[in-house]
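Visitor: I would like to learn how to read this model, feature by feature. Please show me the structure.

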Amino acid sequence: MYRDARILAAFRKMVAFVTDDGRLSATGYWVSEEQALGGLESVFGPHKTFQVSVQQIADKTGVDFGELSKYDGFSAHEERTGEPMVEILETPEDIRV
């Protein structure tokens, strides 16, 4: 809460697309403003964006994305290793498809 208003500390999004070679792919993202909201003087300050698995987004939100996680490399890695994948994105080139 800030000045009687609820402010989102983070939000999640997913992108599903067909690659140039015709392969279906999906990626998940988590955008956090938690550090920027810490002081609440710069509510619209810098934020951090993380690439996460589609499965993590499904687990945290309770939304069923059907079979979309099988087209996500992060979800596949997590299923194989049991370890969550979270990668900070500083530039668009950091996105892993």
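Visitor: In what sense do β2 and β3 pair, and over how many bridges?

Guide: Two strands pair if DSSP finds at least two bridges between them. Here β2 and β3 are antiparallel, with 5 bridges. Tyrosine 29, for one, has glutamine 51 of β3 as its bridge partner. This is a predicted model: local features need pLDDT of at least 70, side-chain atom pairs count only at pLDDT 80 or more, and totals for chains, interfaces and linings use all residues. Residues are numbered from 1 along each chain as its sequence is written, and side-chain values use heavy atoms, with hydrogens and water left out.

Visitor: How are the elements defined, and what is the pattern along the sequence?

Guide: Helices (H or I, at least four residues) and strands (E, at least two) are DSSP runs, numbered from the N terminus. This chain has 3 helices and 4 strands. Their order is β-β-α-β-α-α-β.

Visitor: How many aromatic pairs does a search of the whole structure find?

Guide: First the rule. Rings of Phe, Tyr and Trp (its six-membered ring) pair if their centres lie within 6.5 Å; planes under 30 degrees apart count as stacked, over 60 as edge-to-face and the rest as tilted. The search gives 1 aromatic pair. Tryptophan 30 and phenylalanine 50 are stacked, at 4.7 Å centre to centre with 25° between the planes. Tryptophan 30 is in strand β2 and phenylalanine 50 in strand β3, so the pair ties together parts 20 residues apart in sequence.

Visitor: Is phenylalanine 50 buried or exposed?

Guide: Buried means under 20% relative accessible area, exposed over 50%, partly exposed in between (1.4 Å probe, protein chains only). Phenylalanine 50 is buried, because its relative accessible area is 15%. Tryptophan 30 has 22%, so it counts as partly exposed. Across the chain of 97 residues, 29% count as buried.

Visitor: Which residues of α2 are buried, and what covers them?

Guide: The buried residues of α2 are Val54, Gln56, Ile57 and Ala58. Contact means heavy atoms within 4.5 Å. The cover of these buried residues includes β1 (10-18), β2 (24-32), β3 (48-52), α3 and β4 (86-89). After α2 comes glycine 62, with a positive phi near 75°. For the whole chain, take contacts between residues at least 6 apart in sequence: 45% of them join residues at least 24 apart.

Visitor: Where is serine 69 found?

Guide: Serine 69 sits in the loop between α2 (54-61) and α3 (73-81). Its relative accessible area is 19%, so serine 69 is buried. Leaving aside neighbours within four places in sequence, serine 69 contacts Val54, Gln55 and Ser75.

Visitor: How many salt bridges are there?

Guide: A salt bridge is a side-chain nitrogen of Lys or Arg within 4 Å of a carboxyl oxygen of Asp or Glu. The count is 2. Lysine 70 pairs with glutamate 67, their closest N and O atoms 2.9 Å apart. Lysine 70 is exposed at 52% relative accessibility, and glutamate 67 is exposed at 53%. Arginine 96 meets glutamate 87 at 3.6 Å, N to O. Arginine 96 is partly exposed at 42%, and glutamate 87 is partly exposed at 32%.

Visitor: Which residues make the nonpolar surface patch?

Guide: Patches are made of residues with over 30% relative accessible area and no salt bridge: like charges are joined within 9 Å, nonpolar side chains (Val, Leu, Ile, Met, Phe, Trp, Tyr) within 5 Å. Accessible areas come from the Shrake-Rupley method with a 1.4 Å probe; for residues, only the protein chains shown count as cover. Val18, Leu24 and Tyr71 make a nonpolar patch of about 250 Å². Tyrosine 71 lies in the loop between α2 and α3, and is partly exposed at 32%. The accessible surface of the chain is about 6800 Å², and 51% of that belongs to carbon and sulfur atoms.
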